[in-house]
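Subject: Structure handover

Hello,

Here is the structure you were waiting for.

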Amino acid sequence: MISKKVQGENLKLKKATELISIICLFIVFFLLMFFQKAFNSESGYYTPELLSIQYMSSFNLLLLSLVGFIPGSVLGAYISGVDYKHNTNVYVIINMGRVQSVVIKIITLLLGIMCLVIIMICLGVLEGFFVDNQRPFYIEWKMLCAQFFCCYIILLCSSMIGFLGATFTKRVYGGILIAIVFPILLERFSLYVPMLKYFNLNEYYASLIGHSFKNMAGDPQIQFSNLTSVSYGSSVFIITSIILFILIINIIIVVKRDFKA
């Protein structure tokens, strides 16, 4: 029963041409970065000695951790706001209930982020084979799983902000705007209000990335000089707490809100 409801949410997303276009553009961006790194010797990214299946998978996950907040925010906002956009929110609540409707959308979001991260890993494997198919297929799974988790939780946090923003504003684009602008404003204000630095997501993202992508420290194009002193465990705990807090707030808004057909 739940799987059918999740499939229903997926069908809504397949009709979101803006969302599909943004994800396709990001895949093109990743392919462009691969071309610059693997073939264009004048690009400044050309480091063929580092290219392998393991490295390209890690490289794609690192890029997704750094810039994936954009597709993540869009995905979260669309999953949350698609019913507001098409004025089907009353129908969904009547058939599912308020809390269950949020839970179904969250499950859809979890699966959507997972698919996006897995696609980037598979793309890295294909890139590694394309550059040198003579090398043995070797992946250090423990390292890759840690990088997968890092990328996944960062994208999930960004998408949850977009999810909440769309619920709050009843607009898809409102959720996207909040998810992209809010972390930037918070980071800027933390320069003037020191207490806000404890709520700066970039501090925790940097900690996760620095601890998870140590195998890329030898790449001259990648710098980890902006690492924070926040521990890995603390970063995971705080980001997870933020995600759960956003989920609770979202449920409260949906439960308390009056919906009109």
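The notes below cover aromatic pairs, a surface patch and the cysteines.

This is a predicted model, in which local features need pLDDT of at least 70 and side-chain atom pairs count only at pLDDT 80 or more, while totals for chains, interfaces and linings use all residues. Residues are numbered from 1 along each chain as its sequence is written, and side-chain values use heavy atoms, with hydrogens and water left out.

Aromatic pairs

Searching the whole structure gives four aromatic pairs. Rings of Phe, Tyr and Trp (its six-membered ring) pair if their centres lie within 6.5 Å; planes under 30 degrees apart are stacked, over 60 edge-to-face, and the rest tilted. Phe 26 and Phe 29 have ring centres 6.4 Å apart and planes at 65°, so this pair is edge-to-face. Both sit in helix α2 (residues 17-38), three residues apart, and are thus separated by about one helical turn. Helices here are DSSP runs (H or I, at least four residues), numbered from the N terminus.

Phe 29 also pairs edge-to-face with Phe 30, at 5.7 Å centre to centre and 90° between the planes. Phe 26, Phe 29 and Phe 30 therefore make up one aromatic cluster. For accessibility, buried means under 20% relative accessible area, exposed over 50%, and partly exposed in between (1.4 Å probe, protein chains only). Phe 26 is buried at 16%, and Phe 30 is buried at 1%. Phe 29 is partly exposed at 31%.

Surface patch

A nonpolar surface patch of about 1,100 Å² includes Leu 177, Val 181, Leu 185, Phe 189 and Tyr 192 among its residues. Patch residues have over 30% relative accessible area and no salt bridge, and nonpolar side chains (Val, Leu, Ile, Met, Phe, Trp, Tyr) are joined within 5 Å. A salt bridge is a side-chain nitrogen of Lys or Arg within 4 Å of a carboxyl oxygen of Asp or Glu. Areas come from the Shrake-Rupley method with a 1.4 Å probe. Val 181 lies in helix α8 (residues 172-189) and is partly exposed at 31%.

Cysteines

There are zero disulfides in the structure, a disulfide being a pair of cysteine sulfur atoms within 2.5 Å. For Cys 24, the nearest cysteine sulfur is that of Cys 115, 14 Å away. Cys 24 is partly exposed, at 42% relative accessibility. For Cys 145, the nearest is that of Cys 150, 13 Å away.

Regards

Methods:
Helix = DSSP H or I, 4+ residues; strand = E, 2+ residues; numbered from the N terminus. Patch = residues over 30% accessible without salt bridge, like charges linked within 9 Å, V, L, I, M, F, W, Y side chains within 5 Å.
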